[in-house]
Amino acid sequence: MKVFLQFFNKKTTMDYNNFIKLTKFISISILILAFSSSSFAQNTIPISLSEAKANAKENNTNLKISEQDYAIAKANYNQTRAVLLPKISVSNTSIATNNPLNAFGFKLLQKTVSSPDFNPDLLNDPGKVENFNTKIDVQQPLINVDGWKARKAANLQMHAADLQKERSADYLDLEVEKTYMELQLAYKSVDVTKKALETVNENQKIAKNSLDQGLIQNADYLNVEVRVTEVKNQLQYAESNVQNVSDYLAFLLGAETTETYVPNEELSIVASEIDFGSKLNSDRNDIKAFEYNVDAQTQMMKSSKLSFVPRANAFGSYEWNDDEFMGFTADNYIVGLQLSWDIFNGGKNLGKVHYEKAQLEKVNLSKDNYIAKSKIELNKAKRQLKDAENNVTLSKLALEQSEESLRIKTDRFEQGLEKTTDLLFVETQYQQKELAYYQSIFNYNYALAYLNFLTK
């Protein structure tokens, strides 16, 4: 760059030696850029948008995370079966003691008490007595109102997680479609820049011929050389951008690959009919999920209030006692009904009521805020689509005008009637207008896809 400035800042005309030095410098720069470009897209993988979406739904990590969120919510719901189903446990206990009371009790349980066991000396000093107890306990909830409400809340949370999973899949579709269109745009940028490079190379040949004939100055020819280097540099950046977008697409697809994706479909306007008067869909998955969460929190608040209601549970046990391990000589059972009521639990139950009430207010506010924000986002998306549609029309017109201007300037330059700087300006402007046109198509297609996502 310093070399360029040195030459351009001189007020005197360049001598031949300085011209040769600058030409060599530019040639070396071109060789370096050409070598860098040779590594672009060695291996490519053609892919369609439908294939990309299908692969993403199958392998995307974020979608798998949302599926696990649903699995967690479902597991939490399954745990609440404890308020309906019995609890059954089996135990085997081995005890050895010389405690008079326990020793006599073990003999009673083993049904081995006889007349000599009532001997006061034996009662006071029974010696070592062993007991092996095998027991089956059963507890059956009968009335557990707060638990029923908590189970209903867990069921609603499970449905909310399922809807959030579906919304995550919708968002993944949008992200894949956006990235796919970015890849289309990146390849278009490469094509446009390559075409610009062909143009400036042709102009360079014409300029060199004019220089040899003494029709233009050295400085004019150097401007063409600088333009060639500039376009080559732009091509390198465009090709790097293709690889960057391809890598992100591979990430979305859950693919580990060093190859470069190539879209099967060209970047073009997507035809669609949009109802700009449509309102926010209240049945949209994410909004329905919020409503389920509000209902779930309502049930949790009711559950905390009903914790003051008595609970009824049936229980029973069947056991075997023997003086040998795993013996089943003596058996007995116990059955009963328990009615319990936590009248005061240190203020814990009352505090939980206040907590669940605050949580309900919070989730209600969050839902209202989310819906209000979604409405704003929908209206904004409609305006963006209209703006993008207008921009496509205007950028296409500007491109056509720039193309005609370039054609005229090129013809005049070949005849020696146009300055080199004017031709370079028009050629640069045409490249910019072409890139702007394809960018406007991308903006329109994405605005359309985003609006479809918001109204889905």
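Predicted model: local features only at pLDDT ≥ 70, side-chain atom pairs only at ≥ 80, totals over all residues.
Residues are numbered from 1 along each chain, and side-chain values use heavy atoms, without hydrogens or water.

I looked up Glu 177 next. Its side chain meets that of Lys 53 in a salt bridge (3.5 Å, N to O). Glu 177 lies in helix α7 and Lys 53 in helix α3 (residues 49–59), so this pair ties together parts 124 residues apart in sequence. Helices here are DSSP runs (H or I, at least four residues), numbered from the N terminus.

I then checked Arg 407, which forms a salt bridge with Asp 411 (3.4 Å, N to O). Both lie in helix α10, four residues apart, about one turn of the helix.

I also noted a network of salt bridges linking Asp 146, Arg 311 and Asp 342.

I turned to the largest nonpolar core, which has 38 residues. Such a core is a set of buried (under 20% relative accessible area, 1.4 Å probe, protein chains only) Ala, Val, Leu, Ile, Met, Phe, Trp, Tyr and Cys residues joined through side-chain atoms within 4.5 Å. Leu 385 and Tyr 444 are among the members that touch the most others. Helix α11 (420–454) is one of the elements giving two or more residues. The largest share, 16 residues, comes from α11.

I listed the contacts (heavy atoms within 4.5 Å) of Leu 385. Beyond neighbours within four places in sequence, they include Ile 274, Phe 276 and Tyr 444.

Key:
Buried < 20%, exposed > 50% of the residue type's maximum accessible area, 1.4 Å probe, protein only. Salt bridge = Lys/Arg side-chain N within 4 Å of Asp/Glu carboxyl O.
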